[in-house]
Amino acid sequence: DKSLVTDPANSYVNVITHHISFGARHPLLEDAAGESGGEYIVAYNKEQLVSAFYALALQMSEAISFTAPVVSVDAVNKIQSGDDLYMGLFLPQDSTYWVGNLKKFKLGDGSIARPDLWMIYDGNNNEAIDSDGAFLDNTAAFWGDDTDYNDTDNYGASDIQEDGAGEVLLEDVTLYFSTGNYWDRPIYTYKNGAIIKFDRSNITAADLGVATDAERDQLVNFTHGYTYEADAVTGAPLAVRPWVLGAIIHSRPVVIDYYDTTVANLPLLKRLVAVGSNDGMLHVFDDTTGREVFAFIPEDVLPKLQMVQANYMYDTVDGSITLYRRGT
């Protein structure tokens, strides 16, 4: 018997249980799977057992999952939470790279626009979840374009590649590619005691644990969001990947607020959102636009980037984040 968290069916968490019984039917397990929206399969021989696991794997690969959502904090009253909700998402896939996204929603605040305190709202103040707590498809975005080709029903759920910081990042990488500013993404790493840009002029083949400069160029391009290819002469990328942001599985988004401390009610000057991802980077996004303003690859992850490229999912910078504040 196997229980797996695969898909959110309410605003916080829902566990869908899938059970496989070998040799006999178990009514209690069958009921548990049915009540949670999962599958119950009975297998009577080795071939049926293998097929059952394969069938469940395919179902799970179509399910979007998210990490625990994070709510912003009210600067004036630390006991009271703000109304911004941030969610890191990932989509398991069986034949390509696992994709991730970071999306923003609003909580109800009792106002005319968002009257229900227990409701989650999208960028147009429309309800973002149905009566069962499942996220609706094609919700209006705070970040991204609501009318582009990503806004289609690809997975029968709230599509992970609709809008969000991931879509904004893909659009930026596409722009960098079209203008020839291939390595303009603000990706940095740490080397020889200093923070440096992650590009082919600063990174060597030895830094990445590969044998040649050609492999270095390919890996740098892949990390910046391009296919694992490079022009033999210039090292330039040849195409943009279909999706850039890696899976966010364990890392909870962290809100970083900057306030005007000269005013009594502490007006918010700027908000950033940081989250780790399995593309090897800690990402920092601007809350207003959803654009990536900073990405950091830890020094010890540099030689692991070749594993990120070679595997559909490889665990890297996907842990918890602790925010430290230092006075100036």
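Start at N221: with 0% relative accessibility, this residue counts as buried. The model is a predicted one. Select helix α5, residues 213-224, to see N221 in place. Now show the side chain. One of its polar atoms sits 2.9 Å from the backbone oxygen of E229. Next, display the contacts of N221, leaving aside neighbours within four places in sequence. They are W183, Y226, T227, E229, A230, G235, A236 and P237.

Stay with two of those names, W183 and Y226.

Now look at aromatic pairs across the structure, which holds nine. Select F90 and W98. Their ring centres are 6.3 Å apart and their planes lie at 10°, so this pair is stacked. F90 is buried at 11% relative accessible area, while W98 is partly exposed at 24%.

Go back to F177 and Y226. Here the ring centres are 5.9 Å apart with planes at 45°, so the pair is tilted. The two residues are 49 apart in the chain and link distant parts of it: F177 is in helix α3 (residues 164-179), Y226 in the loop between α5 and β11 (254-259). F177 is partly exposed, at 27%. Y226 is buried, at 0%.

Last stop: the cavity. Select L102, K103, K104, F105, T139, A140, A141, F142, W143, E162, D163 and G164 to show its lining. Strand β7 (residues 99-107) gives the most, with four residues. By type, the lining divides into six nonpolar, two polar and four charged residues.

Technical notes. Residues are numbered from 1 along each chain as its sequence is written. This is a predicted model: local features need pLDDT of at least 70, side-chain atom pairs count only at pLDDT 80 or more; totals for chains, interfaces and linings use all residues. Side-chain values use heavy atoms; hydrogens and water are left out. Buried means under 20% relative accessible area, exposed over 50%, partly exposed in between (1.4 Å probe, protein chains only). A polar contact is a pair of N or O atoms within 3.5 Å; within protein, one must be able to donate a hydrogen and the other to accept it, and residues adjacent in sequence count only if both atoms are side-chain atoms. Contact means heavy atoms within 4.5 Å. On a 1 Å grid over the protein atoms alone, a cavity is a set of points where a 1.4 Å probe fits but cannot get out, and a pocket is an open set with protein on both sides within 12 Å along at least five of seven lines; lining residues have an atom within 4 Å of a point. Ala, Val, Leu, Ile, Met, Phe, Trp, Tyr, Cys and Pro count as nonpolar, Asp, Glu, Lys and Arg as charged, and the others, Gly among them, as polar. Rings of Phe, Tyr and Trp (its six-membered ring) pair if their centres lie within 6.5 Å; planes under 30 degrees apart count as stacked, over 60 as edge-to-face and the rest as tilted.
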